[in-house]
Amino acid sequence: MRFAVLCCLGLLSNFTVCAQETWRGLVVEPENRCSPYDKSSQYPYPQSVEDRVVAAMGGKVYGPYTGRYFDSDTQTDIEHIVAASEGHDSGLCAASAQTKQQFATDLLNLTLAAPEINRCGTQGKCGLDAHEWLPPKNQCWFANRVVQIKTKYKLSVDAAEARALETVLANCDSTELVYYPRGNSQESAISEPILITALDKYDDNRNGRISCAEARAHGIAPVRREHAAYDFMRDGNNDGVVCE
């Protein structure tokens, strides 16, 4: 089993045929948007789930990704550990409406984050997967939660995501959530970018744009509007998909 996993992730360079396309029990395959995606209609959740998250953390209003405490949950966003768009493209696109809503409100998949960490932007997680974004703190907890969530909902991982998660988990002594001390000098919002940008990852010739050739070489084509690389690509017909 271990041999098969390593082979499938490309970690054994001497073998070209994989015995089993799985990793930690998850199917390894490219993301696939098998049906249209609309977060607000397909993955609704009430604001009250924020209270459940706070209760689960013993009343603390805490952002695990940065180790930051907040005075009130009015300062935080509800954060889906496996983003709705990522879940949709990893198998939920074929799931029932009930399953999609369960995913969106499942406490296993919910935490809190400052808006600049949760949303799209220089520091934001947005809809990125673990290959594209990892939190600066609680990486072991985060990676383990991704595996738990994807296992529960029978979701797939792509090869790059599996490699990134394995790199984290292989070095973890514990996957428990760490509550960093209040007043820690690193508790405040991160001032430096906390993710490798799409240009860092996919712009091989460093010209400030991502071409379809580069996207295909990295296995991310077709590139949809929700993907971090999209903003650095040319969508000639403005249909939200590049390199079909």
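I took a cavity to be a set of points, on a 1 Å grid over the protein atoms alone, where a 1.4 Å probe fits but cannot get out. Volume is the space filled by probe spheres set on the points, which are joined across faces, edges and corners.

I noted that the model is predicted, with local features needing pLDDT of at least 70, side-chain atom pairs pLDDT 80 or more, and totals for chains, interfaces and linings using all residues. Residues are numbered from 1 along each chain as its sequence is written, and side-chain values use heavy atoms, without hydrogens and water.

**Cavity.** I found 1 cavity of 30 Å³ or more. The largest cavity holds about 60 Å³ of space. I listed its lining (residues with an atom within 4 Å of a point), which includes Ile-81, Lys-125, Phe-142 and Glu-161. By class I counted 7 nonpolar, no polar and 5 charged residues; Ala, Val, Leu, Ile, Met, Phe, Trp, Tyr, Cys and Pro are nonpolar, Asp, Glu, Lys and Arg charged, and the others polar.

I then checked Tyr-65 for contacts (heavy atoms within 4.5 Å): leaving out residues up to four places away in sequence, it touches Ile-81, Lys-125 and Phe-142, among others.

How values were computed: 1 Å grid on protein atoms, 1.4 Å probe; cavity = no way out; pocket = protein on both sides within 12 Å on 5 of 7 lines; lining within 4 Å.
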